[in-house]
Amino acid sequence: MDIRITARDKNSGTEEYRLPEESGLNYSIVDVNSKDRLINISADSDFDGVIRIALHVEDGDKASRRFFLPGFMYGTNRGEAPLLVDSKAPRIRMKEDFPASPWWMVRSDRLSYPVAMMYGEKRIIGLSASPYYLRTSERRTPWEPGITGEFDQYTGFGCSMEDGEIWYTLGYENAPWLFIDSHKISQRAELKENSFGIKAGETISVKLHIFDIPAEDERSIHDILKKVYSIYHQEPRRASGLKDAVKDMATAIMTYAWMKDEHSYTCFVFDREDHFEYRLLPSISWTNGLSAAVPMLVSGHRLGIEEMRSQAIDCIDHIVHCSMNERNDLPYLVEHDGVWSNHGWWYEKQNTPGHVAYLVGQSVYLILKAYEWEKDNGTIHDDWMGFAKRVIARTEKSRNQDGEYPYVLSDKTGAGVEYDSFSGAWCMAAAAYYTYLTGDRSYMEDMLRSEKYYHDTYIKHQECYAGPLDIDKNIDSEGILSYIRAVHYLHAVISEDGAVSGKCDKYGVNEARKAEEEILDHMRDALYYEYTFKFCYNSPIKVPPLSKVGWSSCGGSITSVTNPHIHPMSSSILDEMIYYLNFREDSYIRDRYMDTKFWSCQCHNTYDKEFDYGKVGWMSERFCHSEGLLTETYPDGSPASTWFALMPWAAGSILEGLTGKAWDEEE
């Protein structure tokens with residue numbers, strides 16, 4: 001392993017990176033300690049361009065290496081899978097074939113942690129350095145927590161399969177393409193404001209944190225990420241207290257988003273000059289329906305607001321009583337003008353028509369959550385439990401021989417018609433929750449087999465794909481949230497049975513304690529995977545309104561490698577983090593729990609139009625932390641870093657997290 005430095009001079013007329021002396025640059029490498037290096041770069045004459053610092057590994061099979069740039073690149077981003085899909089995302093292949101390339105360069109803020117890693121030959125190599133530079137009163141310097149000054153410029157990261165390298169850059173490029181979103185892709189741009197200037201006689205210093213660790217599998221990237229977190233972590237801003245945040249958001253949804261005649265909430269509310277505009281976008285969960293109703297039900301209980309609870313019960317009752325497909329015991333997913341079907345806004349993106357497991361499993365899980373809350377507060381909804389039992393009986397028959405639940409189920413028979421996805425883990429989460437609530441253990445053996453399959457196939461290799469329906473089976477952070485819920489309740493059942501009667505033996509597990517520890521290990525692995533998408537520092541956002549209000553990126557999770565923005569879905573699993581910490585102390589999970597909780601309290605209006613739109617409590621799903629998804633505009637055409645709309649499902653994700661055990665901790 002060695003360090004190689006090259007440069008691309010803005011005025012050279014070439015896109016190639018050449019030896020530094022060809023651009024009038026000199027450098028020295030100083031060992032700070034056994035792991036860190038200080039790179040000093042000086043210029044004989046003015047330099048303007050991009051300087052690339054590579055960590056190069058010569059030995060081994062370059063084509064088999066896997067790269068991890070958290071939030072941006074996981075393995076090869078499924079570079080081995082077919083490329084001709086609607087939603088494009090960066091992928092790695094040895095031969096350039098859009099959207100795949102043998103190498104990638106990207107601005108630092110597309111990554112949730114400032115680090116690039118390469119796995120192969122049972123070792124992981126990592127390279128971390130400052131995500132941007134500051135100008136202080138004395139000099140230009142890399143940012144680290146505690147250093148203050150005026151923002152100067154972003155840096156960059158990259159990787160190359162063909163060279164066997166990971167890269168850090170002064171200045172940056174988005175190359176070979178910039179993915180603004182999955183359909184808006186720009187070609188490699190000329191060097192302009194992304195260039196890094198060094199004056200003649202000036203010296204710039206770069207501190208590199210270098211990692212080289214043995215690794216049985218890709219999960220060892222977390223040993224590096226925890227170290228990088230300790231170096232660069234910043235807390236999110238404190239904009240609102242937890243209970244005030246819940247009250248403001250839930251009251252806003254109750255007041256502005258409830259559609260009485262539709263028995264549901266609208267998906268968007270726009271605050272126009274003289275009226276409100278609504279966009280329903282119907283769905284029983286995910287982006288509407290139960291994803292808003294159940295958190296609102298819990299918020300109604302927490303706040304003691306009966307109107308809030310009643311609205312939510314109306315929505316849940318309507319879905320339970322009207323959505324069932326009598327041919328296959330699965331819920332239809334949308335209602336248009338009183339007609340139920342599976343033709344949601346995502347339907348044209350499905351390869352196969354039918355009931356999508358993501359929504360089927362999630363809807364049952366949420367109904368069970370509503371059932372538990374109502375029961376604990378004195379009201380039993382037998383019809384809700386009956387609905388859940390009926391659907392689970394169908395989905396538990398749908399696994400393939402691997403133990404994987406379907407991606408899509410037949411709208412005629414309920415049989416699985418498409419697999420190869422993490423999406424179906426929502427069915428496992430629903431069945432595990434049902435088992436926990438009812439004491440019916442008949443599904444446990446099959447669920448434990450499925451749980452192990454999902455862990456060993458997806459999570460172990462840090463490559464969970466095909467969660468939501470709108471990203472063509474690319475890598476995402478959403479799908480893991482279902483698995484985390486599933487192992488929560490599987491562990492709770494095993495723990496209870498082992499403590500009471502040793503029933504775990506009937507599930508093919510000889511020692512209950514061993515099974516408990518293995519499930520907890522898997523829960524930790526899944527939480528750690530989710531954290532790879534969760535920012536560890538507060539990126540210097542330059543686009544309003546996020547830049548204007550001082551919004552913090554730390555604690556928010558990038559949605560996927562396809563949708564490069566932060567949305568609040570990861571806030572919904574605060575209970576699962578607390579559950580894990582009740583059994584094991586893990587300072588990293590505890591810190592990420594606190595980051596997520598505080599982040600969740602600063603994404604809504606604490607006063608009218610704080611985010612340049614809407615009323616108190618309004619919040620959208622979209623937080624653009626980088627150049628990605630900057631497609632919304634102000635009236636004058638300038639870019640905006642959020643959607644200007646109240647979105648109940650998005651606020652519902654935060655409400656789900658804040659109204660659980662986190663609320664109890666505030667008592």
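A polar contact of 2.9 Å links the side chain of His-183 with that of Asp-86; such a contact is a pair of N or O atoms within 3.5 Å, where within protein one must be able to donate a hydrogen and the other to accept it, and residues adjacent in sequence count only if both atoms are side-chain atoms. The model is predicted, so local features need pLDDT of at least 70 and side-chain atom pairs count only at pLDDT 80 or more, while totals for chains, interfaces and linings use all residues. Residues are numbered from 1 along each chain as its sequence is written, and side-chain values use heavy atoms, with hydrogens and water left out.

**His-183**
- His-183 sits in the loop between β16 (177-179) and β17 (185-187); strands (E, at least two residues) and helices (H or I, at least four) are DSSP runs, numbered from the N terminus.
- With a relative accessible area of 51%, His-183 is exposed (exposed is over 50%, buried under 20%, partly exposed in between; 1.4 Å probe, protein chains only).
- Residues up to four places away in sequence aside, His-183 touches Asp-86 and Ser-87, contact meaning heavy atoms within 4.5 Å.
- The side chains of His-183 and Ser-182 also form a polar contact, at 3.0 Å.
- Although 379 residues separate His-183 and Thr-562 along the chain, their C-alpha atoms are 9.5 Å apart.

**Helices α2 and α4**
- Helix α2 (residues 242-256) packs against helix α4 (residues 306-322) at an angle of about 60 degrees, with the axes 10 Å apart; axes are lines fitted to C-alpha atoms, for helices over the stretch in contact, and angles run from 0 to 180 degrees between N-to-C directions.
- That angle makes α2 oblique to α4, since angles under 35 degrees count as roughly parallel, over 145 as roughly antiparallel, 65 to 115 as roughly perpendicular and the rest as oblique.
- Ala-250, Thr-251 and Met-254 of α2 meet Glu-307, Met-308 and Gln-311 of α4 in this contact.

**Ser-626**
- Ser-626 belongs to the loop between α13 (587-600) and α14 (648-658), and its relative accessibility of 4% makes it buried.
- A polar atom of the Ser-626 side chain lies 3.1 Å from the backbone nitrogen of Gly-628.
- Beyond four places in sequence, Ser-626 touches Arg-107, Asp-109, Arg-110 and Pro-564.

**Ile-51**
- Ile-51, in strand β4 (residues 47-56), is buried at a relative accessible area of 1%.
- Outside four places in sequence, the contacts of Ile-51 include Ile-5, Leu-25, Tyr-168 and Ile-198.
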